[in-house]
Amino acid sequence: MTVTPRTALTIAGSDSGGGAGVQADLRTFFANGVHGLVALTAVTVQNSLGVQGFSEIPVDVVTAQIKAVAEDMGVDAAKTGMLATAEIIQSVAKTLDEVHIGRTTDTPFVVDPVAASMTGHALLREEALEAIRTELFPRATLITPNLDEVRLLTGVSVTDAASQRTAAEALLEFGSQWVLVKGGHLCDTADCVDLLTDGSAIIELSGPRIDTENTHGGGDTMASAITSSLAKGADVPTAVAEAKRFIERCVMEAYPLGAGVGPVSPFWRLANPR
Ligand SMILES: Nc1ncnc2c1ncn2[C@@H]1O[C@H](COP(=O)(O)OP(=O)(O)OP(=O)(O)O)[C@@H](O)[C@H]1O
Ligand SMILES: Cc1ncc(CO)c(N)n1
């Protein structure tokens, strides 16, 4: 019998190195049995050593991609990654309202507020940070900043569990339903602890820190794993817990590729479907 899988839409940039951006999202959706849809926002020139530059896609082409897939195929959950400019962010926000994606609709929406690559190269023009805060966060079911993004967005430097909680509370003020403060960059701890909260529930997701240099695409893979679970009907705490187990194994199986940082790997899931 033919079964049509659930669909997940990524609104994000391309990584020519194939480990982050829409490439990470699509391989994560595929590994989790979800059909991936794409609205490409930018093309980066990127490899394991970093980002050499990028060119954004014209705004009307970005929004036309969203409308084309949402109106014909339907979207069970959506996420954003690299959005590049304030103009793209504003138009994406307006279009998501038109196609009924976001926290006040039946279609969950995850915002990964990508500001820079892990090598420190900007993926967002500076004036666009405010647009992420005001246009996207209020529409988000969940936001998933890493610690650098937390500092840029709130001014809070997370150094321990207490400041991680303070940062999460500050981020909730911007209007998303849930906040996940990822702790992958809290390097002096033996565990990787991510903090999830909606203001009433506070959930710590803890797992062992895996010793590897190869974590390229980890944040994108985490956010798209959450989006996959949401597309399949999980609630937010369940989706984040499932994604945490998924990313741990992806980090464990990360492989060297190129002279710099290799990508996390979702391939193990293909041999271990649920
Ligand atoms: N060395 C590690 N071992 C285990 N889990 C990790 C490790 N590094 C990151 N993680 C987990 O991976 C997820 C992504 O976290 P991280 O904070 O690294 O995101 P990010 O900085 O957005 O990723 P990127 O490296 O793509 O920029 C989180 O759930 C985090 O706990
Ligand atoms: C295109 C793109 N999106 C996101 C990231 C962050 O991992 C990256 N390095 N490249």
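Asp-25 and Lys-79 are both buried. In this predicted model, the two residues form a salt bridge in which the closest N and O atoms are 2.9 Å apart. The pair joins distant parts of the chain, with Asp-25 in helix H1 (residues 21–31) and Lys-79 in strand E4 (residues 77–80), 54 residues apart. Side chains of opposite charge can pair when their charged atoms come close.

A further salt bridge brings together the side chains of Arg-125 and Glu-56, at 2.8 Å from N to O. Here too, distant parts of the chain are linked: Arg-125 belongs to the loop between strand E5 (109–111) and helix H4 (128–136), whereas Glu-56 lies in strand E3 (residues 50–56), 69 residues apart. Arg-125 counts as partly exposed because its relative accessibility is 36%, a value between the limits of 20% and 50%. Glu-56 is likewise partly exposed, with a relative accessibility of 30%.

Glu-135 pairs with Arg-139, the closest N and O atoms being 3.8 Å apart; Glu-135 is partly exposed, at 24% relative accessible area. Lys-67, Lys-94 and Glu-98 are connected in a network of salt bridges. The count of salt bridges in the model comes to 11.

Attention may now turn to the ligand. There are 19 residues around ligand 1, of which Asn-146, Lys-182, His-185, Asp-194 and Ile-210 come nearest. Asn-146 places a polar side-chain atom 2.9 Å from an oxygen atom of ligand 1. In the side chain of Lys-244, an N or O atom is 2.9 Å from an oxygen atom of the ligand. Ile-210 contributes through its backbone, with an N or O atom 2.8 Å from a nitrogen atom of ligand 1. Taken alone, ligand 1 exposes 620 Å², and the protein buries 93% of that area.

The surface also carries a nonpolar patch, formed by Phe-30, Phe-267 and Leu-270, with about 340 Å² of accessible area together. Phe-267 is located in the loop between helix H8 (236–252) and helix H9 (268–271).

Finally, the predictor's own confidence may be stated. The mean pLDDT of the chain is 95, and 99% of its residues reach 70 or more. For the complex, the predictor gives an ipTM of 0.96 and a pTM of 0.97.

Technical notes:
Residues numbered from 1 in each chain as written. Chains lettered and ligands numbered in written order. Predicted model: local features only at pLDDT ≥ 70, side-chain atom pairs only at ≥ 80, totals over all residues. Heavy atoms only, no water. Patch = residues over 30% accessible without salt bridge, like charges linked within 9 Å, V, L, I, M, F, W, Y side chains within 5 Å. Areas by Shrake-Rupley, 256 points an atom, 1.4 Å probe, with all protein chains shown as cover. Salt bridge = Lys/Arg side-chain N within 4 Å of Asp/Glu carboxyl O. Helix = DSSP H or I, 4+ residues; strand = E, 2+ residues; numbered from the N terminus. Near = heavy atom within 4 Å. Polar contact = N/O pair within 3.5 Å; in protein donor to acceptor, adjacent residues only side chain to side chain. pLDDT = per-residue confidence, 0-100. Buried < 20%, exposed > 50% of the residue type's maximum accessible area, 1.4 Å probe, protein only.
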